[in-house]
Amino acid sequence: NIEVVMIILGVLLLSLSADGKTLALDTETNGLVEMPTTVTKFRVRYDEKSGLYLTLANYPSIPMPFPSRNTAPVAGHRNVLALLASPDLVHWKVLDILLSDRTVMNGVASARAHGFQYVMWDWQGEDILYVVREAMGYTKDYHDGRFVTLYRLASYLPLVKERYAATDFWRNPNRTK
């Protein structure tokens, strides 16, 4: 049994003992998994229909502004929401962009003013329903979400299967190794 915990650089994988009393770092990854997401809250769930772990998470919209020892994407990128999939919680594929800035702004202005955040989602039959706190337009910043919107990804399974088969695993473009 594996618990997924979002942390600053990615995801911390913890293994739960058979008796349910002890948590330990996942031995295969030493606990830390880098993901194609920004530093924001997201929920990972196992999908029995596809046999994959799925998440709806923010995807970096602009590159890092300067070289850094911390190669994680900048925290404030919440203006793109993506559907991601993994067979093992370690290797991830970006399957589709579900939401992005709907105005004509440059990347920096968009990242500052738009946010699709605190996404909660669940399956309903053949669809995925997701609720998003949104900030859009000319807000003070991406965290000023004045809208809560319900979306439906209709018939998600064919999309997941098709895109998963056709997409390479994500690799951090900021890593040199």
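Predicted model: local features only at pLDDT ≥ 70, side-chain atom pairs only at ≥ 80, totals over all residues.
Residues are numbered from 1 along each chain as its sequence is written, and side-chain values use heavy atoms, with hydrogens and water left out.

**Stop 1**

Side chains of opposite charge can pair when their charged atoms come close. The structure has four salt bridges (a side-chain nitrogen of Lys or Arg within 4 Å of a carboxyl oxygen of Asp or Glu). Select Lys49 and Glu126: their side chains form one of them, at 3.3 Å from N to O. Lys49 sits in the loop between β5 (44–47) and β6 (52–58), and Glu126 in the loop between β9 (115–124) and β10 (127–135), so this pair ties together parts 77 residues apart in sequence. Those strand labels, like the helix labels, come from DSSP runs (H or I for helices, at least four residues; E for strands, at least two), numbered from the N terminus.

**Stop 2: Arg163 and Asp96**

Now pick Arg163 and Asp96, whose side chains meet in a salt bridge at 3.1 Å, N to O. Arg163 is in helix α2 (residues 156–166) and Asp96 is in strand β8 (residues 93–100), so the pair links distant parts of the chain, 67 residues apart. Arg163 is partly exposed at 30% relative accessible area, and Asp96 is partly exposed at 22%.

**Stop 3: Arg152 and Asp127**

Next, select Arg152 and Asp127, which form a salt bridge at 2.7 Å, N to O. This pair also links distant parts of the chain: Arg152 is in strand β11 (residues 147–153) and Asp127 in strand β10, 25 residues apart. Arg152 is partly exposed, with a relative accessible area of 47%, while Asp127 is buried at 14%.

**Stop 4: a nonpolar patch**

Which residues form a nonpolar patch on the surface? Select Met120, Val131, Val148 and Leu150, which together have about 380 Å² of accessible area (Shrake-Rupley method, 1.4 Å probe; for residues, only the protein chains shown count as cover). Patches are made of residues with over 30% relative accessible area and no salt bridge, with like charges joined within 9 Å and nonpolar side chains (Val, Leu, Ile, Met, Phe, Trp, Tyr) within 5 Å. Finish on Met120: this residue lies in strand β9 and is partly exposed at 39% relative accessibility.

Technical notes:
Buried < 20%, exposed > 50% of the residue type's maximum accessible area, 1.4 Å probe, protein only.
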